[in-house]
Amino acid sequence: MLLSLFLNVKGMCESVNDSLSIPYGEHTINLEGPWRRVTMHDIVKEQMPEFDFAALDPSDPESVSKAREAANARGVPKVDAMNSVGDILNACFEELCEPTLIQPTFVIDYPVEVSPLAKPHRSKPGLTERFELFITGRELANAFSELTDSVDQRVRFEAQAAKKAAGDEEACDVDEDFLLALEQGLPPTGGLGIGIDRLVMLLTNSPSIRDVIAFPLLKPDP
């Protein structure tokens, strides 16, 4: 259902450009669809055909060493400090794959280590029911089924807090208020966030987000 909401993006594009094929820098972006859907495992395998993250057992300590060695061989930075297959997989994706995603692409099935608020995948251990949309090599949207298990959520928060203590600037703390609310019960819920500024950049062929920010009074005088 969340994927279908992006049909609205097509409507906006047609309203602004009278076409579903639009220029962006040196590229022509085709929004007509259907937009590609690919798992993170599969798209990393395209860039690293010599190594298959999906074949690793996340519970096997040797798997982390194998993943780290493969990532280092491809020049992926900072993996020596990572202690899980999921973190290394995500690092390989961001370094090797993300810049290549020029045409609209939904990347699905993210590792649990980088998805602290997402529900576990119902059939793929170690992964979550999450996707992100990429266009012009940039993330345009993030969506997932919300985690509703307060016990699992606490474990996730504690893992994030440990990462933050180790210097990970993107990690979060344990949110006790959120956990208390979750303990009272949460119905099945989905979350979707769209980068409106990045969407406007795409539709107006603007190379810099400073050209489209919604609060121009915050921009310094020329």
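**Notebook: helix packing and the sheet**

**Entry 1. Confidence.** I began with the confidence scores: the chain averages a pLDDT of 91, and 93% of the residues score at least 70. This is a predicted model.

Entry 2. I looked up the strand order next. The model has an open sheet of 5 strands in the order E3-E4-E5-E6-E7, and the pairing is mixed. I noted strand E3 (36-39) and strand E7 (190-194) as the edge strands, since each pairs on one side only. On average, neighbouring strands of this sheet are turned by 20° against each other, with direction ignored.

Strand E5 (residues 130-135) pairs with strand E6 (residues 138-145) over 6 bridges, in the antiparallel sense. I found Phe131 opposite Ala143 in E6.

**Entry 3. Helices on the sheet.** Which strands does helix H7 touch? I find that H7 (residues 196-204) packs on the sheet and touches E5, E6 and E7. The direction of H7 makes about 135° with that of E6. I also checked helix H2 (residues 40-47), which lies across E3 and strand E4 (105-108). H2 runs at about 85° to E3.

**Entry 4. H2 against H4.** I followed H2 to its contact with H4. The two helices pack at an angle of about 55°, and their axes are 10 Å apart. That angle makes H2 oblique to H4. I recorded the crossing of H2 past H4 as left-handed. From H2, the residues are Met40, His41, Ile43, Val44 and Gln47; they meet Leu89, Asn90, Cys92, Phe93, Leu96 and Cys97 in H4.

**Entry 5. H3 against H4.** H4 has a contact with H3 as well, so I looked that up. Helix H3 (residues 61-73) and helix H4 (residues 85-97) pack at about 15°, with 9 Å between their axes. H3 is therefore roughly parallel to H4. Their crossing is left-handed. On the H3 side I list Ser63, Val64, Ala67, Arg68 and Ala71, and on the H4 side Val85, Ile88 and Cys92. The contact of H3 with H4 has 6 nonpolar, 1 polar and 1 charged residues. I note that Cys92 of H4 is in the contact with H3 and also meets H2.

**Entry 6. H5 against H6.** What is the angle between H5 and H6? I read about 165° for helix H5 (residues 150-165) and helix H6 (residues 176-183), with the axes 9 Å apart. Why do I call this pair roughly antiparallel? The cut-off for that term is an angle over 145 degrees, so H5 and H6 are roughly antiparallel to each other. I recorded their crossing as right-handed. H5 contributes Ser150, Gln153, Arg154 and Phe157 to the contact, and H6 contributes Glu176, Phe178, Leu179, Leu182 and Glu183. These residues divide into 4 nonpolar, 2 polar and 3 charged.

**Entry 7. Recap.** I have H3 roughly parallel to H4, H2 oblique to H4, and H5 roughly antiparallel to H6.

Note on methods
Residues are numbered from 1 along each chain as its sequence is written. This is a predicted model: local features need pLDDT of at least 70, side-chain atom pairs count only at pLDDT 80 or more; totals for chains, interfaces and linings use all residues. Side-chain values use heavy atoms; hydrogens and water are left out. Axes are lines fitted to C-alpha atoms, for helices over the stretch in contact, and angles run from 0 to 180 degrees between N-to-C directions. Helices (H or I, at least four residues) and strands (E, at least two) are DSSP runs, numbered from the N terminus. Angles under 35 degrees count as roughly parallel, over 145 as roughly antiparallel, 65 to 115 as roughly perpendicular and the rest as oblique. A crossing is left-handed if the near helix is turned anticlockwise from the far one by less than a right angle, and right-handed if clockwise. Contact means heavy atoms within 4.5 Å. Ala, Val, Leu, Ile, Met, Phe, Trp, Tyr, Cys and Pro count as nonpolar, Asp, Glu, Lys and Arg as charged, and the others, Gly among them, as polar. Two strands pair if DSSP finds at least two bridges between them. pLDDT is the predictor's confidence in each residue, from 0 to 100.
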